[in-house]
Every structure is written in C-alpha cells, then in structure tokens.
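Please read it with the sequence and the coordinates at hand.

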Amino acid sequence: MMNSAYRSVHLTASRLINPNPISSSLLHLLPLYSSTHAAPPRSSPLRRRFLATPSSSSFYIPMAAGDDQVPPPESHLLEKQFESFRVQLEESAALREQIRAVVMEIESATRLIQANLLLVHQSRPIPEIIEKAKEKIDDLKKFYGRLAEILQKCPGQYYRYHGDWRSETQAVVSQLAFMHWLETGTLLVHAEAEAKLGLNSLEFGLETEDYLTGICFMSNDLPRYVVNRVTAGDYDCPRKVMNFLTDLHAAFRMLNLRNDFLRKKFDSMKYDLRRVEEVYYDVKIRGLISGGDPPPPNVQAQSS
Amino acid sequence: MYENEKRERVVKASRDITMNIKKVIFQVHSKDNKEEVLEKAGKDLEAVREQHFARLMKELQGTDFWKLRRAYSPGVQEYVEDATFYKFGMSGTLCTLDEINSTLLPLSDPSLEPLQINILDYILGLADMTRELMRMAIGRISDGEVKFAQRICQFVRQIHRELLLVVPQMDDSYDMKSKMEVMLQSVIKIENGFTQTN
C-alpha cells in the first residue's frame, strides 16, 4: 500500500523530468528497496533532507535529476540471452573435448615415429627405420580423418579451433619431412605432406604456416644428425646436408614472413646451417672427405 | 604475403575503432547537460560504427573472420563495451548481442554473409563494461543518487552471476577468468560504496 503510493508519485515525477519517458510497463519491474527494507538503510544524508518522514509513503519528488529515473535492466531478456550463450558455449566446449581427444592420439603416434627415427643417430640402417615409421603414418591419416569429420559439424570454424592441433601438426610435418629426406635426400613439399596425411585444402587442409614451421623443426635436428654420422664414419653426410640446408634457407628467404613464431624459427635455421658448415669444414680440413684436399702441413715448430 | 597486408589493415581498423570510441564512455559518465551529451555520445557511436567499424567489416567480409580474430578482437570488444555502456546510460537496459548485431546489418554488403560480432567478443566487451558501471555507481553514490547506484549494483551482480556459468566453456577462458575477478572487485567496490553513505 505504501509502495503503490510511492510508485505513482515516482511515475508522475519521472515523466515530468525525463524527456525520454520509460514505458510504464518497465516500471513494475522496479525492485523498490522500500519493499524489502523497513526504511532505506543506505540512503545518503542528502536524500534524507528531501523526505518529510523516513517512511516511503511520503510525497517524494526527486530533486536531483537522474536518481529513480532509470528503470532496472529487463531481467528476463538478459536471462534469455545468457541462457542461449550457455547452450552455444556448451556446444563449442563439447566439440573442443572431441578435438582434444583426437589430437592426443595424433601426438602419441607422432612420438612413436619420433622415437623410431631417433635410431638413425645410432647408425641403424635407414630402410628398416623408415619401414617401421611408415606404419604409423596410416594411423595419423586415420586421426586427421577423424578431425576433419568433427570439424564438419561446425562449418566455417576451422580457424576457431585450429590452435588445438597446430603444434601437433607442426611436429608431424617435422617427422615426415625428416623421414622423407632420409629416404630421398630431398625436401618433402607441402602438397605431398598434405597427401600423406590424407588431407586436402578444400575441406580440411594442411596449413601452410604449420607446414613451414614443421620444416624449420626438421632443420633443427639436422646438425645433430650430421655430427653423429661423421662420428660413425660417414664423411659425405655433411656436404649433402649443407647443400640441402643452403637451398632450403635460400628458399625461405624469399618468403615475406612477418615477425612471429615462424619467423623466429626461420631465423634459427641460420644457426643450424652454420653448425653444419662447421662440421663440413672440420671434416674437410682433416682430409676425411674422399677426393678432398690433403691435410695442411704441420706448421708447428719442432720443440728442440 | 597478401594475407599479411590484409591483417595489417584489419589491425589498423581495430585500433581506429578503439581510439575514436573511448570518448563515448566519458560522455555517458558526464553529469552536466546529460541529455545533450548523451545525444552527442549516440552520434559519436554511430560515426565510429559507420566509419571505422564499416571499414573493418569491409576488410573481413569474404575472408575467414575466425582466422583474423586476434587482429580485430580488441577493437570489437571495445566497441561492445562502449555501445552497451551507452545503451545503459540511455535506458538502463542491457544491449543484447542481437541488438548490437542488428545495428551492424546495414553496414554489410548485402550480397555477402553479414559480419556479426561473435559471442566471445561480446562477452569480453561486456565484462569490461562492468568496470565503467562501477565507476558510474560510485559517482552516483557520492552525488546522493543511491537508488540508481543500487540498480547498477543489481545489474552488475546479475551479469557476474550469468557469466560465471559460461566462463570455463569460453575459448578465451584464461582471459575471461581474470576479467571475472575484476568484475567481482567492481561489485564489491560498489557494495562498499553503500556502506560509506551511512
């Protein structure tokens, strides 16, 4: 009863003061504090001056423009919107769960390939190693196929979730490229890498940047390989790798990379190349390379 | 790579939105000549929308907007923050995502799929907006407009509670978690503001 008096005064007052009148239908949503508290417990000293009595049945015109004019937020609209958000975000979260499960499988298959390929540093015969590693590629193909299927459920959002398989894919490319180089001495090209994984650029492809980054990772492993090959007596390896890396580096230089992760990886390739060149030089001056220069004469003065 | 140039342009458009829109917030906060200033704020918002936001949309239409999200998200979030704050200043209501997107429809090329603000950028912008609401509430409390401040308080509390439920499912849940902490601090600041009027 005291609330309705308050309300009607409020209505009149606000229509007088506010040139943008709020529809009265909104006003009934007003969570009037006077309805829940005996007396306004937190009213400022300023307000008390205007109230004849502390009870809200008194005639009250807000002197300060602004207070009491603005209606509360339309709660039901708000709730509806956030309910819809919850539903949508639950869907995307569920999708993400599925993606993560497959990506974990991709990662473990890649580790198996990697563990296998590491044996080349211990001079195991390459064809054997490659054979074993190839078996795992079929698994990878299967997993990427599953990923593509999941992504089909949300067309147009490839890039929304791409981050979830980005680094794993880079690792995959790195292993595949290394394997390819061991077999053929050449660079695994993007189209070939894509085909090996059963991907195609129309639906679910191999991102160019992921491919390039993977290649850089492969280059990072080459200096170590060269050192171990030389230790094992393969003195031809440094030259081969050096030529390969020189060409690779030159090709990369032609790309206009922006200042990001890929760019940094490319920069590190310079150091890989330098280390390989050092090993090559080392091997060369010791005359270890077949058909190379004889060792330089011993110029150290004989101790008397 | 051509893509890099496009990305640069998108980043620039996003920055231009941010730079030109901040004044709207100050205008909504303003206590003098409220009606006039609010009207001006509305016009400024429209101007940013028609110049810079339209430019952003032009760049993004026809390309994959998820791919370039990092480039434009800050500007879009800022836009959401300012537009929702303006709407609150005008009517005390929340500008929903649908409402914001309907204002953007006329800017789209009708032959292409209309570019719309996504849920994530909306929620992130909304989260930032609550900080401005806190400032507004504190200002109103010190001006004696306690009721208005109480309403703002309720509003922010409600947004906080609603968003709490969706945070873990967001793509940017890490960012969002820290925004939620800031939001809670805003609510607490307002609540503490009430105790100081006694």
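## Helix H6 of chain B

In this predicted model, H6(B) is mostly covered, with 16 of its 21 residues buried, where buried means under 20% relative accessible area, exposed over 50% and partly exposed in between (1.4 Å probe, protein chains only). Helix H6 of chain B comprises residues 146-166, and the 31 Å between its end C-alpha atoms agrees with the 30 Å that its 21 residues should span at 1.5 Å a residue, the expected span being 1.5 Å times one less than the number of residues. Helices (H or I, at least four residues) and strands (E, at least two) are DSSP runs, numbered from the N terminus.

Residues are numbered from 1 along each chain as its sequence is written, and chains are lettered from A and ligands numbered from 1 in the order in which they are written. Local features need pLDDT of at least 70, side-chain atom pairs count only at pLDDT 80 or more, and totals for chains, interfaces and linings use all residues, while side-chain values use heavy atoms, with hydrogens and water left out.

## Chain B as a whole

Chain B has 7 helices and 0 strands. Its radius of gyration is 18 Å, close to the 16 Å that the globule rule gives for 198 residues, so chain B is as compact as a globular protein of that length; the radius is taken over C-alpha atoms, and the rule is 2.2 Å times the number of residues to the power 0.38. The C-alpha trace of chain B spans about 65 × 40 × 25 Å along its principal axes, and buried residues make up 59% of the 198 residues in the chain.

## The two largest pockets

The largest pocket holds about 1,400 Å³ of space and is lined by 41 residues, with Tyr159(A), Gly163(A), Arg166(A), Lys67(B) and Arg70(B) nearest its centre. Among the elements that give two or more residues to this lining are helix H8 (163-184) of chain A and helix H1 (2-29) of chain B, and the largest share, 5 residues, comes from H3(B). By class the lining has 12 nonpolar, 9 polar and 20 charged residues; Ala, Val, Leu, Ile, Met, Phe, Trp, Tyr, Cys and Pro count as nonpolar, Asp, Glu, Lys and Arg as charged, and the others, Gly among them, as polar.

The second largest pocket holds about 680 Å³, and its lining of 29 residues has Gln88(A), Leu97(B), Ile117(B), Asn118(B) and Ile119(B) nearest the centre. H5(A) gives the most to this lining, with 10 residues, and the lining divides into 14 nonpolar, 9 polar and 6 charged residues. On a 1 Å grid over the protein atoms alone, a pocket is an open set of points where a 1.4 Å probe fits, with protein on both sides within 12 Å along at least five of seven lines, and lining residues have an atom within 4 Å of a point. Grid points are joined across faces, edges and corners, and a volume is the space filled by probe spheres set on the points.

## Aromatic pairs

Over all chains the structure holds 15 aromatic pairs, counted when rings of Phe, Tyr and Trp (its six-membered ring) have centres within 6.5 Å, with planes under 30 degrees apart stacked, over 60 edge-to-face and the rest tilted. Phe85(A) and Tyr122(B) form an edge-to-face pair, 5.5 Å centre to centre with 70° between the planes; Phe85(A) lies in helix H5 of chain A and Tyr122(B) in helix H5 of chain B, so the pair joins two chains. Phe85(A) is buried at 3% relative accessibility, and Tyr122(B) is buried at 0%.
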